[in-house]
Amino acid sequence: MEPLAIKLRPQSLKDIIGQQHLIGKDKVLTNWVKNKKIFSMILYGKPGIGKTSIATAIVNELDQKYIFLNATINNKQDFDNAIYDAKENNGLIVIMDEIHRLNKDKQDLLLPYLENGLITLIGLTTSNPYHKINPAIRSRCQIFELKELTDEDVTKAIKQAIKSDYLKDIQIDKEAIETIVQLSSGDLRSAYNLLEVSYFATTNKVVTKDIIKKINSKPVFFHDKNDDGHYDVLSAFQKSIRGSDVNASLHYLARLIEAEDLESIYRRMTVIAYEDIGLANPSMGPKVDACINACERLGLPEARIPLSVVVTELALSPKSNSAHVALDMALNDIRSGNTGNVPNHIKTSSPDYLYPHNYANAYVKQQYLPDNIKNRKYYIPKTTSKYEQSLKTVYDKINKLNED
């Protein structure tokens, strides 16, 4: 009853698909195994790209005793048993899935034995260990990132699976293989599963594109709202809009819509309207608010329509960060103690205050900043839009009047 992905799991490093930066000729993991030496490590990367396969291949080639644990499923007693086995056998390799979810109690159990080498840990995770794994564990492990599998990698694996004993007399053409590769999106486990399910969905063992599409017409999409990949997509979304790349902006918007994370889209669009566009196009703030209101009324899938309009406009809008950069400079003065007293003539109810509306063009020269920073300039206009150019004209005129 084991799935095809388990049946085809490599027994040695030379059978691993991809990851040649770690297991190719004279690469680190290959040489460790060749030298019969293993160190604690953390393997991280997307699902279905070979983390568990590499771990099991290593222990098989070294022919050392090991145990497989899951940081969330296995309880404290299971960890106690692993430590007991390590003491009885003078060492034990522990392959631990979802190591980023290891709680403090289990960490405290393992740390002394990682320190003295009695337990060698191979941690597996889809999360970035530099963000999600306890530094005490991390400092005792070598960290290796696994790369995404290419279409060529997955194609090679599918062709090998077709020749295996587990799919006897299977008939599958190039178009069907390409369909599986496309739908798996670099997740080899998903590709194996789709191949196996399609094989057993036929009566004549002929797997076609049509059969595959009836089973699964939607590509695998790795996007965990609580994981690092999600924040990477949000970052890419904002930076693409800031960089005025409308195609990339819409691509990352589509990924966020597919993850149904409207709240994050709303927050990012709002900050973009003021941080990245600002005075270059002040109408974008209200437009974003109107878009959010429309999306809340519509819900998905229709919410994608106003989102597409506003994100396109955000990306193609002129950009200016002058306002918030000016405020950040002012905040930096405050936080560094560069302030001073409010000038007497603009204090509350001062008789010396000159009311601008009593003068031509509602302007009269008087000092507003404290004495010690009276000539400080925070706002540096940008000329990326007609609107801010008009503000610059006013700003320059006021500065000239002050100088005169």
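# A guided look at the predicted model

Lys104 and Asp108 sit about one helical turn from each other, because four residues of helix H6 (residues 104–115) separate their positions. Helices (H or I, at least four residues) and strands (E, at least two) are DSSP runs, numbered from the N terminus. The two residues also form a salt bridge, with their closest N and O atoms 3.0 Å apart. Here that term means a side-chain nitrogen of Lys or Arg within 4 Å of a carboxyl oxygen of Asp or Glu. In total, the structure holds 14 salt bridges.

Before going on, keep in mind that this is a predicted model, in which local features need pLDDT of at least 70 and side-chain atom pairs count only at pLDDT 80 or more, while totals for chains, interfaces and linings use all residues. Residues are numbered from 1 along each chain as its sequence is written, and side-chain values use heavy atoms, leaving out hydrogens and water.

Now let us turn to the sheet. Five strands make up an open sheet in the order S2-S3-S4-S1-S5, and their pairing is parallel; two strands pair if DSSP finds at least two bridges between them. Which strands stand at the edges? They are S2 (66–70) and S5 (142–145); each has a single partner strand, so one side of each is left without a neighbour in the sheet. From one strand to the next, the twist averages 20 degrees (axes are lines fitted to C-alpha atoms, for helices over the stretch in contact; angles run from 0 to 180 degrees between N-to-C directions).

Look next at S3 (residues 92–97) and S4 (residues 119–125), which pair in the parallel sense over six bridges. Within this pair, Val94 stands opposite Leu121 in S4. Helix H4 (residues 51–62) packs on the sheet, where it touches S1 (41–44), S2, S3 and S4; contact means heavy atoms within 4.5 Å. The direction of H4 makes about 160 degrees with that of S4.

Two residues in loops deserve a visit as well. Asp63, in the loop between H4 and S2, has a positive phi of about 55 degrees although it is not a glycine. Pro301 lies in the loop between helix H16 (284–298) and helix H17 (304–316). A cis peptide bond joins Leu300 to Pro301, with omega about 10 degrees. Most residues other than glycine have a negative phi, and most peptide bonds are trans.

| Feature | Residues | Value |
|---|---|---|
| Salt bridge | Lys104 and Asp108 | 3.0 Å |
| Positive phi | Asp63 | about 55 degrees |
| Cis peptide bond, omega | Leu300 and Pro301 | about 10 degrees |
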